[in-house]
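Here's a quick briefing to read alongside the structure. Have the viewer open, and we'll go through it topic by topic.

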Amino acid sequence: MPIVDVSDLDWYIDNVVVPSGIEGRAVGPVLAWQGSWNALAHQVRTQADNGLGDASRQALGQGFVLTRTQTRVCGVADATVRRLIRRGTWTACGHGTVAVVPIASGSDLASERDALRRTHCLRAAAAAVRRRGHVVSANSAAAMHGLPLLGLPALPELAAAAPATFGRRSTALVRVADLAPDALDDWFGVPITTTARTIVDVARFDSRSGLMAADAALRERIVTREQLEAALETCSTRPGVRRARHVISLASPLAESPLESITRLVLHDAGFAAPELQVELTGANGRAYRVDFLWPQLKLVLEADGRTKYREDELWQEKRREVALVRAGYRVVRVTWSDVLAEWPVTCEWLRGLMHSLATNPLS
């Protein structure tokens, strides 16, 4: 195998991590997120020493983070730490802790969100490093695993067995949990709940984020339904397990976006008949088009459109697609994030009325 320069993180992600994916699987957002951290770890390992080698090596075994005491033991002076943080080479990630990696915040919204999530991961790692015997869990573990969430928690979320001090503190939220070994994983040396247990814990507190996470993990084959069911059993006496069971029962690998997951959840909870997912329909032009949701009896198509889904040329192609389906006899309607979150009561009544109209007068 030829020797290549892997010091360029973008090159490493584009040419090694993303094309084939971890374990040869197709790369989706979750696997791409995990791959980006693996690439970053590789960069830290191969970077020039510059007097920081001992600090970098220790940080790689504990979630990229070091306490200030550890930086001093590794021979890095406080003035050097402050200079590295000012330059953006290192990142401050909590009281008395630093991360040996940069967090770049771009000018667009997606880059800002990515930076916020990465910062939260480092803060969660730092919280666990400062509290030996604690495990990163729930929403913070989901962020580390790369699972979609409606929002990041305000504080790192940890789990610990008694006699730890539980509750919300200034730097972390600690919940009681006696975790079995098979519920534990690690994130670059930091103890973290497994993907399956993380999804169940997220679902116990929030159905929407729970279904988004479960759908994404099933789609990218990061977990199996059997693993989710097994994780549910270990939480049978925990608060919120009934909600989690409901979420896991609805989870599907066919959902292609978090908005599709949320839309399916609100439709189910509002009592709508279950639609068929990701169905291929033939348009009037003879082409096959895949749609998000279909009620075949009503010939009704529902598309979940996230913000910034289309560029100008894509918008034109989508318009042609919709025209072809309409001319083939289908009714095509769309919902956005606002429709299913902020304005769902209005959207629900509108959609219910439309379905009633189509059922009683198919030509309407």
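This is a predicted model: local features need pLDDT of at least 70, side-chain atom pairs count only at pLDDT 80 or more; totals for chains, interfaces and linings use all residues.

A polar contact here is a pair of N or O atoms within 3.5 Å, and within protein one of them must be able to donate a hydrogen and the other to accept it. Keep that cut-off in mind for D292, whose side chain has a polar atom 2.9 Å from the backbone nitrogen of A304.

**The big picture**

- The protein has 15 helices and 13 strands.
- Of its 364 residues, 48% are buried.
- If you look at contacts with a separation of 6 or more, 59% of them link residues 24 or more positions apart.

- D292 belongs to strand β11, which covers residues 288-295.
- With a relative accessible area of 7%, D292 is under the 20% cut-off, so it counts as buried.
- Beyond its neighbours within four places in sequence, D292 is in contact with E260, E276, L277, Q278, L302, E303 and A304.
- R321 sits in helix α13, residues 312-327.
- R321 counts as buried too, at 10% relative accessibility.
- A polar atom of the R321 side chain lies 2.3 Å from the backbone oxygen of R290.
- Setting aside neighbours within four places in sequence, the contacts of R321 are Y289, R290, V291 and E303.
- E303 turns up in both lists: it is in contact with D292 and with R321.

**Aromatics**

- There are seven aromatic pairs in the structure.
- Take F64 and W187: their ring centres are 5.8 Å apart and their planes are at 65°, so this pair is edge-to-face.
- F64 is in the loop between α3 (53-60) and β1 (65-67), while W187 is in strand β8 (residues 184-187), so the pair ties together parts 123 residues apart in sequence.
- Both F64 and W187 are buried.
- W187 also pairs with F188: the centres are 5.2 Å apart and the planes are at 85°, so that pair is edge-to-face as well.
- One aromatic cluster is formed by W33, W37, F64, W187 and F188.

**Charges over rings**

- R117 lies over the face of W33, 5.5 Å from the ring centre.
- The charged end of R175 sits over the ring of F205, at 4.1 Å from its centre.

**Nonpolar cores**

- In soluble globular proteins, nonpolar side chains tend to be buried together.
- The largest nonpolar core here has 42 residues, and those with the most contacts inside it are W37, F64, W90, V136 and W187.
- Helix α6 (residues 109-130) gives this core its largest share, eight residues.
- Leaving aside neighbours within four places in sequence, W187 is in contact with W37, G63, F64, C121, A125, M144 and I192.
- A second, separate core has 29 residues, among them A142, L147, L218 and L265.

**Helix α12**

- α12 covers residues 258-269, so 12 residues in all, and spans 17 Å from its first C-alpha to its last, close to the 16 Å expected at 1.5 Å a residue.
- How enclosed is α12? Nine of its 12 residues are buried, so it is largely enclosed by the rest of the structure.
- The buried residues of α12 are L259, E260, S261, I262, T263, R264, L265, V266 and L267.
- After α12 comes G271, which has a positive phi near 90°.

- Most residues other than glycine have a negative phi.
- Which way does phi go at A138? A138 is not a glycine, yet its phi is positive, about 50°.
- A138 is found in helix α7, residues 138-145, and is buried, with a relative accessible area of 2%.
- F188 is another non-glycine residue with a positive phi, near 50°.
- F188 is in the loop between β8 and β9 (190-193), and this is the F188 of the aromatic cluster above.

Note on methods:
Residues are numbered from 1 along each chain as its sequence is written. Side-chain values use heavy atoms; hydrogens and water are left out. Helices (H or I, at least four residues) and strands (E, at least two) are DSSP runs, numbered from the N terminus. Buried means under 20% relative accessible area, exposed over 50%, partly exposed in between (1.4 Å probe, protein chains only). Contact means heavy atoms within 4.5 Å. Rings of Phe, Tyr and Trp (its six-membered ring) pair if their centres lie within 6.5 Å; planes under 30 degrees apart count as stacked, over 60 as edge-to-face and the rest as tilted. A charge sits over a ring if NZ of Lys or CZ of Arg is within 6 Å of the ring centre and within 35 degrees of the ring normal. A nonpolar core is a set of buried Ala, Val, Leu, Ile, Met, Phe, Trp, Tyr and Cys residues joined through side-chain atoms within 4.5 Å.
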